[in-house]
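I opened my notebook with a plain plan: look up what surrounds the ligand, then go through the sheets. Here is what I wrote down, entry by entry.

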Amino acid sequence: MANAIRALAMDAVEQAKSGHPGLPMGAADVATVLFTRFLKFDPTDPAWPDRDRFVLSAGHGSMLLYAVLHLLGYEKMTIREIRRFRQLGSLTPGHPEHRQASGIETTTGPLGQGLANAVGMAIAERHLAALFGSAIVDHKTYVLVSDGDLMEGISQEAIALAGHLKLRKLIVLLDDNGISIDGPTALADSVDQVQRFKSAGWAATRIDGQDPAAIAAALDAAQESDRPSLIACRTTIGFGAPTKGGTEKAHGAPLGADEIAAARARLGWSAPAFEIPASIRDAWRAAGARGRPARLAWAERLAALDAEKRAEFERRTHGELTCLLAAAVRDVKEKLSVSPKEIATRVASEMALDALTVALPEMVGGSADLTGSNNTRPKAMKVLSPGDYAGRFIHYGVREHGMAAAMNGMALHGGIVPYSGTFLVFSDYCRPAIRLAALMGQRVIHVMTHDSIGLGEDGPTHQPVEHLAALRAIPNLKVFRPCDAVETIECWQLALETTGGPSVLALTRQNVPQIRQGFDEANRCARGAYELIAAPSPSPRAGDAAPADVSLFASGSEVAVAAAARELLAARGISARVVSVPCFEHFLAASEAERAAVIGEAKVNVAIEAGIRDGWDAIIGSDGAFVGMTGFGASAPYKDLYRHFGVTPEKVADAALAKLKGRDH
Ligand SMILES: Cc1ncc(C[n+]2csc(CCOP(=O)(O)OP(=O)(O)O)c2C)c(N)n1
């Protein structure tokens, strides 16, 4: 049965003229034992919520997963898809891309991410089991990692967190072949992985990964472990390939016709390319049918659950929000209209979370050791710990990358809407995971505070400058930068309602005035940009619709700067309007007419943001003026910094006047 995986991997890579045969051939025995004897799943219902999760963290070995899914009988993974390995529109891209319908739990390829995703999945399982009971939620998370996965720094964050949280249903299988692209891993690595995992609180053992009995025994032992398990499986990369096996030559290139023929002979595999002998196919299909009774029994248990609890489980599994969200948002906005607050938007976010997390119990929060700074822990939220998996707040430790990747795993698992916090400048440390969340279309919400030079004294190491632009550059990621407490709750609502992708909320450390006064039921941030303060009209003639002289566009804390600049300009007889731009992505998704209406027809456009200009030209045009940053910040009280870097109402007014003058000449 393992040779069926090897043959399909060799043939598909050969046909595509690219790909990685080595891992599937070496890890075929591990995968065969796992999928045919241990993994709980049902190919006829790939989304079954209580299935075991399998993550191929070493995504370059994608043919292993495709071959197994095909052999087990996942309907969509046909032999045609295997033949179309790495071709446009196939279900078999170069690296596995998340498609639950065909059994791919997460997108992998960037090494280390899958392992950290799996940690999130395992957290989600423990949490939901604590809430809904083990009759409904009781599954394992298996991960196949390669040497490269464990060399990546993110793996340390993931391993340490999993060990600390005692995620006993997480089982990692290491394809311990000692080979990477450059050659033997000994060229660059001498870590004893078993000791490494043990020191992080795992059960860890080393076995012969080519011996099915040893693999089964190790998996058996891992079933009842009181901690997460590592099984280091000693394998031979490209097992069966006579000259390339055991060397880096088997890692990432077709083996070639002669080597494949020799491997077939050595493995005793005589079937032609892409053909599986009937007896072997039947055995795989029987393995695929194994989980059906368990699924049906689970469905009965679900049906027998108290109706309210069942409805809640199903709602959460489907990622549906409740109408309580709108009510919570309304409530916060009403309070702010009655007593406006001059507070930092991070504090406004905490206020929002106090209400939102009550309305939406699926929200599981956290912070990478900046809880008090990020304001991500509502007062009533209990900590999730090995003693209490029902807790909803995760102390991720100083592990931004692992945190962001674990959040992806939770979202992929389902039943949870993860959010968490760090400083915006450390979005760089989360970026690879944020990018994958965007690629996979997963709803994860990153609260990123201290969003500009406005954080002050911590200085340029902590002051984001290029980060808003860099995040806005990621497709399918929404970057929200609210200007006050009202916009903050509105942006939270939009992030929660964005079911098809991640969001970042960029929030201030420093206080900002509440500019949005009065109660407005509509979520004005939904348009991405809107006229917040109209131009003053000194002597309105009836029907006069003359455009303002100046349009001032700003986000976050700089909206108040724009508002003050508007006053300065008014004092000089220049009419200016202020447009708040809390979310580029929403704005740029609007129709051309809507965008044109918001951009307006002022003689001069000025944008103000305490970051770099990149991206703003889509709104102000290349001839617009920009007041912001062109280099790194500095360490000083924040008001001094705004003055020093010229992000002030006076400089904005000067920029507008200079442009107006330029036009008049
Ligand atoms: C973050 C990241 N860096 C680099 C790569 C490119 N890459 C793909 S596989 C690999 C290493 C291969 O070694 P190993 O993980 O041991 O896999 P094996 O050769 O055993 O298949 C590298 C560097 C990657 N996919 N992800």
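I began with Gly 109 and found one of its backbone N or O atoms 2.8 Å from a nitrogen atom of the ligand. I kept in mind that this is a predicted model. Next I looked at the ligand's oxygen atoms. A polar backbone atom of Gly 148 is 2.8 Å from an oxygen atom of the ligand. For His 251 I looked at the side chain, where an N or O atom is 2.7 Å from an oxygen atom of the ligand. How much of the ligand does the protein cover? I noted 74% of the 580 Å² of accessible area that the ligand has on its own.

**Entry on the shell.** I then listed the neighbours. There are 15 residues around the ligand, and those that come nearest are His 60, Ser 146, Gly 148, Asn 177 and His 251. I sorted the shell by class and got six nonpolar, seven polar and two charged residues. Which elements supply at least two residues each to this shell? I wrote down α7 (147-151) and β4 (179-180).

**Entry on the five-stranded sheet.** I moved on to an open sheet of five strands with parallel pairing, and I read its order as β1-β2-β3-β7-β6. At its edges I found β1 (53-56) and β6 (203-208), each of which pairs on one side only. From one strand to the next, the twist averages 20 degrees.

**Entry on the six-stranded sheet.** My last stop was an open sheet of six strands, again noted as parallel, in the order β10-β9-β11-β12-β14-β13. Neighbouring strands here are turned by 20 degrees against each other on average, direction ignored. I picked out β11 (residues 417-423) and β12 (residues 445-449), which pair in the parallel sense over five bridges. Tyr 419 has Ile 445 in β12 as its bridge partner. Helix α18 (residues 400-413) packs on this sheet and touches β9 (363-367), β10, β11 and β12. I noted about 165 degrees between the direction of α18 and that of β11.

Technical notes: Residues numbered from 1 in each chain as written. Predicted model: local features only at pLDDT ≥ 70, side-chain atom pairs only at ≥ 80, totals over all residues. Heavy atoms only, no water. Near = heavy atom within 4 Å. Polar contact = N/O pair within 3.5 Å; in protein donor to acceptor, adjacent residues only side chain to side chain. Areas by Shrake-Rupley, 256 points an atom, 1.4 Å probe, with all protein chains shown as cover. Helix = DSSP H or I, 4+ residues; strand = E, 2+ residues; numbered from the N terminus. Nonpolar A, V, L, I, M, F, W, Y, C, P; charged D, E, K, R; others polar. Pairing = 2+ DSSP bridges. Axes fitted to C-alpha atoms, helices over the stretch in contact; angles between N-to-C directions. Contact = heavy atoms within 4.5 Å.
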